Amino acid sequence: LDVIICHKNEGRIYQLLRSAGLIHTRNDAIKLLKEGNVIINGKPVHNPEFQVNPKKEIILVNNQPITPIPKKYFLLNKPKGYLTSKKRRKNVMELIHCDKTLKNTLFPIGRLDVNTTGLLLITNDGELAHAILQPKNKMEKEYIVTIKEKLKDNIQKLETGITIMVNNKPYKTLPAKVNRTDESTFSITITEGKKRQVRLMVAALGYTLLSLKRIRIGSLGLGTLAEGNIKELNEKEIKGAFSVP
Ligand code: URA
């Protein structure tokens, strides 16, 4: 038997049938239900508003089982030249090789500039994405910055906050953690995510940025994952890293 996959975890039967691509309109659902071709836990269901949870109930449509799309988590070490937004140019999603139905549900959590490399999470878990991106959660993001010049003492200014332009207005960045690792390299941990924030902070000190790589979000690190490579994480690993219920 083939399995039909749907994108909704629970809801009305007609919504589920739609998310599984089996119907387009509510009227299509009514027709399918009327014909007795939708069986939930062994009984035909005729009401399009019938509430179901495909995780708990067995739904058969034309004798084929419907199952919800499982939550998936991928850790990508993003190479340069790939976009996180859906444009026509090279997109990070090209680096993920999985079933097309599943791929349609996946999206990157947050963004990295085209020339930034490193840790990017790709998932279909909207709640996790929300928890990570919510500004009030102040999720730590750590980057390695390499500059052309030799570092001066002024990088301490990044710790207290520095003024950058955000939407054409001056904005003082929140306190950051800075750790010098080499004469032209340092790590910076920020808890916010303004557009091009690290680049703007580095430029505000008068440095020329050569490379920017994200190595950590929360307690989830990139580890030894090579550039361009992807590792699937299970729910336990993800929940442990972000202490979400
Ligand atoms: N800050 C930047 O400037 N760019 C990124 O891609 C991420 C953080």
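The largest pocket in this predicted model holds about 580 Å³ of space. Its lining consists of 29 residues, and those nearest the centre are Lys141, Tyr143, Glu192, Gly193 and Lys194. Sorted by class, the lining has 13 nonpolar, ten charged and six polar residues.

Let us turn to the ligand. Where does the ligand sit? It is found in the largest pocket. The residues that surround the ligand are Leu112, Asp113, Thr116, Tyr143, Arg196, Gln197, Val198, Arg199 and Leu212. In this shell, four residues are nonpolar, three are charged and two are polar. Which element gives the most to the shell? That is helix H6, spanning residues 197-204, with three residues.

In the side chain of Asp113, an N or O atom lies 2.7 Å from a nitrogen atom of the ligand. Thr116 also takes part through its side chain, where a polar atom is 2.9 Å from a ligand oxygen atom. With Gln197 it is the backbone that supplies the polar atom, at 3.3 Å from an oxygen atom of the ligand. As for cover, the ligand on its own has 240 Å² of accessible area, and the protein covers 95% of that.

Thank you for your attention.

Conventions:
Residues numbered from 1 in each chain as written. Predicted model: local features only at pLDDT ≥ 70, side-chain atom pairs only at ≥ 80, totals over all residues. Heavy atoms only, no water. Near = heavy atom within 4 Å. Polar contact = N/O pair within 3.5 Å; in protein donor to acceptor, adjacent residues only side chain to side chain. Areas by Shrake-Rupley, 256 points an atom, 1.4 Å probe, with all protein chains shown as cover. 1 Å grid on protein atoms, 1.4 Å probe; cavity = no way out; pocket = protein on both sides within 12 Å on 5 of 7 lines; lining within 4 Å. Sits in = over half its atoms within 2 Å of the grid points. Helix = DSSP H or I, 4+ residues; strand = E, 2+ residues; numbered from the N terminus. Nonpolar A, V, L, I, M, F, W, Y, C, P; charged D, E, K, R; others polar. Points joined across faces, edges and corners; volume = space filled by probe spheres on them.
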